[in-house]
Amino acid sequence: MGEAIAFYTLAALILAFGVLVITARSTVHSILFLVANFIFVAALYVLLGAQFLAVIQVVVYAGGIVVLYLFVVMLVNLKRPPEAHHDRRRRTGLGLAFGLVVLAEFVAIAVYKLVQPGSMPPGPPMSPDNVQLVGRVLYTEYLVPFEVASMLLLVAMIGAIVLARREL
Amino acid sequence: MTPITPAHYMILSAALFIIGVIGVMTRRNIIVIFMSIELILNAVNINLIAFSAQVGNAVGQVFAIFVICVAAAEAAVGLGIILAFYRNKETVNIDEMNLMRW
């Protein structure tokens, strides 16, 4: 009962802030709504028993990536709003239609699964020691992908520095 | 009230994904488009973690960590590209990003 109330509240907040992110006029407002969205998603992770990821979500997304976005908004000092220039070949309605096609696809899959319910047996409950659990899997089974991810971050860091330099 | 199953999380995740897709399709400000991509990646993470909790092992959470890592790399490089583009054309409107159009 408590879980259901928490889930529905968080789901409503996540979706509401998601809609606000893509509809807000000002980019800075968009970013602030994005922070709220990330924090409620982190709360949803706690509800699912993934405490470590909830902390990662807040630290990396709400702390790191959002600050990066704010810096870029500050650096690109817009003299005219980006929505002012309108390319006649680009139609917003068409984009919306494509989004609704994706929605219809998802609904079709959901209806199909309702007709043929596949049952997924619930596994054993996870141990409450979430950090230890994640760490054990990450550093034994997925050690090589972990190292590759560190290489990816290094390459991205160098790439970002090279791209953002004054003289390219 | 029915108990919360992975199907509930999948529906939430699909809804968030579609919000992100509509954002990518309809907005012209490239910074907002990048934020929509972050929404899409978040939707994927919700799915992974819901199934991780259902199946009862931590592999889904490990993959969510990798997704967050890729999202961070994507944001850093993408925002670098936005800055480089802005220095050349003084705009962040994707309709004007046609330097490489044939």
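**The nonpolar core and the helix packing**

Analyst: The largest nonpolar core has 64 residues, and A:Y69 and B:I31 are those with the most contacts inside it. The model is predicted: local features need pLDDT of at least 70, side-chain atom pairs count only at pLDDT 80 or more, and totals for chains, interfaces and linings use all residues. Residues are numbered from 1 along each chain as its sequence is written, chains are lettered from A and ligands numbered from 1 in the order in which they are written, and side-chain values use heavy atoms, with hydrogens and water left out.

User: What makes a set of residues a nonpolar core?

Analyst: The members are buried Ala, Val, Leu, Ile, Met, Phe, Trp, Tyr and Cys residues joined through side-chain atoms within 4.5 Å. Buried stands for under 20% relative accessible area, exposed for over 50%, and partly exposed for values in between (1.4 Å probe, protein chains only).

User: Which helices each supply at least two residues of this core?

Analyst: In chain A these are α1, α2, α3 (51-75) and α5 (130-140); in chain B they are α1 (6-26), α2 (30-55) and α3 (59-89). The largest share, 13 residues, comes from α3(B). Helices (H or I, at least four residues) and strands (E, at least two) are DSSP runs, numbered from the N terminus.

User: With which residues is B:I31 in contact, leaving aside its neighbours within four places in sequence?

Analyst: B:I31 is in contact with A:T27, A:Y69, A:V72, A:V73, A:V76 and B:I82. Contact here means heavy atoms within 4.5 Å.

User: Why are α1(A) and α2(A) called roughly antiparallel?

Analyst: The axes of α1 (residues 2-23) and α2 (residues 27-47) of chain A come within 8 Å and cross at roughly 160°. Angles under 35 degrees count as roughly parallel, over 145 as roughly antiparallel, 65 to 115 as roughly perpendicular and the rest as oblique. The two helices are therefore roughly antiparallel to each other. The axes are lines fitted to C-alpha atoms, for helices over the stretch in contact, and the angles run from 0 to 180 degrees between N-to-C directions.

User: Which residues make the contact of α1(A) with α2(A), and how do they divide by class?

Analyst: Among them are A:F7, A:L10 and A:F17 of α1(A) and A:F33, A:F40 and A:L44 of α2(A). By class, the contact has 16 nonpolar, 3 polar and 1 charged residues. Ala, Val, Leu, Ile, Met, Phe, Trp, Tyr, Cys and Pro count as nonpolar, Asp, Glu, Lys and Arg as charged, and the others, Gly among them, as polar.

User: What is the relation of α4(A) to α1(B)?

Analyst: The axes of α4(A) (residues 92-115) and α1(B) come within 8 Å and cross at roughly 160°. These helices are therefore roughly antiparallel. Residues that meet include A:L96, A:F98 and A:F106 in α4(A) and B:F17, B:I22 and B:M25 in α1(B). The contact divides into 11 nonpolar, 4 polar and no charged residues.

User: At what angle do α2(B) and α3(B) cross?

Analyst: The axes of α2(B) and α3(B) come within 9 Å and cross at roughly 175°. That makes α2(B) roughly antiparallel to α3(B). Their contact includes B:F34 and B:L41 of α2(B) and B:F63 and B:V67 of α3(B). Its residues divide into 14 nonpolar, 5 polar and 2 charged.

User: Why is B:N47 described as partly exposed?

Analyst: B:N47 has a relative accessible area of 24%, which lies between the limits for buried and exposed, so the residue is partly exposed. B:N47 lies in α2 of chain B and is in contact with B:M10 and B:S13, leaving aside neighbours within four places in sequence.

User: Which residues of α5(A) are buried, and against what do they pack?

Analyst: In α5(A), A:N130, A:V134, A:G135, A:V137 and A:L138 are buried. They pack against α3 and α6 (143-164) of chain A together with α3 of chain B.

User: What does B:A76 touch?

Analyst: B:A76, found in α3 of chain B, touches A:L68 and A:A160, not counting residues up to four places away in sequence.

User: How many helices and strands does chain A have?

Analyst: Chain A comes to 6 helices and 0 strands. Buried residues make up 29% of its 168 residues.
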